[in-house]
Amino acid sequence: MPEARNPLEAFSNAVYGMIDKPVTWFRGSIVEPNQKKYPWYHQQYRRVPTIDQCYTDDVVCRFEADQQFRRDRMVDNEVVSILRQRFEDCTMYEAPDHLEKCKETLEQYEKAAENWFIKCKNGDLGGYANAKSAYMKQKHRLIWERRYGPVGTGKNKREEVPEE
């Protein structure tokens with residue numbers, strides 16, 4: 001620090017040094033060496049129990065499962081959006097031959113979009129979707145597939161048995 005110009009400034013620098021020096025030393029020698037270095041935009045949350053692992057009267061567990069579901073849905077939305085943007089960029093860049101050159105990107109996008117529609121389509125779940133409603137949607141879809149086969153493949157062979 002530069003030398004003080006008057007006694008008041010010298011006193012304020014001394015008080016500042018008494019307060020700031022221990023704090024700066026503690027942060028520099030204890031806190032920062034023990035922290036994990038990652039940018040804020042790569043923050044990783046711990047996985048919480050899913051809604052099927054929560055007891056019905058455990059409100060905190062259900063809330064955490066809802067928050068995890070919302071985070072997962074936001075990530076899935078961004079993945080589909082990025083893949084769609086990649087396909088559109090490829091289509092614009094490879095204009096006349098985009099059907100052959102962008103086929104792999106299109107397949108990735110269609111697979112991700114199909115998984116998104118199965119998991120978290122907002123039209124089926126409503127605007128205020130939560131983990132429980134998504135879990136029920138998944139349960140009903142699995143029951144449907146057990147009875148009739150995968151959705152969109154037509155009727156199951158068991159229903160086409162001729163009557164006597």
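Biologist: Why does methionine 18 count as exposed?

Modeller: A residue is called exposed when its relative accessible area is over 50%. In this predicted model, methionine 18 has a relative accessibility of 64%, and therefore counts as exposed. Methionine 18 belongs to helix α1, which covers residues 7-31.

Biologist: Let us turn to the pockets. What volume does the largest pocket have, and how many residues line it?

Modeller: Lining residues are those with an atom within 4 Å of a point of the pocket. The largest pocket has a volume of about 360 Å³, and 16 residues line it. Nearest its centre lie Thr50, Phe69, Lys119, Ala134 and Gln138.

Biologist: Which helices each supply at least two residues of that lining?

Modeller: They are α2 (59-93), α4 (103-120) and α6 (131-148). Helix α6 gives the largest share, with five residues. Sorted by class, the lining of the largest pocket holds eight nonpolar, three polar and five charged residues.

Biologist: How is the lining of the second largest pocket divided by class?

Modeller: That lining has four nonpolar, four polar and four charged residues. Among them are Tyr41, His42, Arg46, Arg71, Asp72 and Val75. The volume of the second largest pocket is about 280 Å³.

Definitions and conventions
Residues are numbered from 1 along each chain as its sequence is written. This is a predicted model: local features need pLDDT of at least 70, side-chain atom pairs count only at pLDDT 80 or more; totals for chains, interfaces and linings use all residues. Side-chain values use heavy atoms; hydrogens and water are left out. Helices (H or I, at least four residues) and strands (E, at least two) are DSSP runs, numbered from the N terminus. Buried means under 20% relative accessible area, exposed over 50%, partly exposed in between (1.4 Å probe, protein chains only). On a 1 Å grid over the protein atoms alone, a cavity is a set of points where a 1.4 Å probe fits but cannot get out, and a pocket is an open set with protein on both sides within 12 Å along at least five of seven lines; lining residues have an atom within 4 Å of a point. Grid points are joined across faces, edges and corners, and a volume is the space filled by probe spheres set on the points. Ala, Val, Leu, Ile, Met, Phe, Trp, Tyr, Cys and Pro count as nonpolar, Asp, Glu, Lys and Arg as charged, and the others, Gly among them, as polar.
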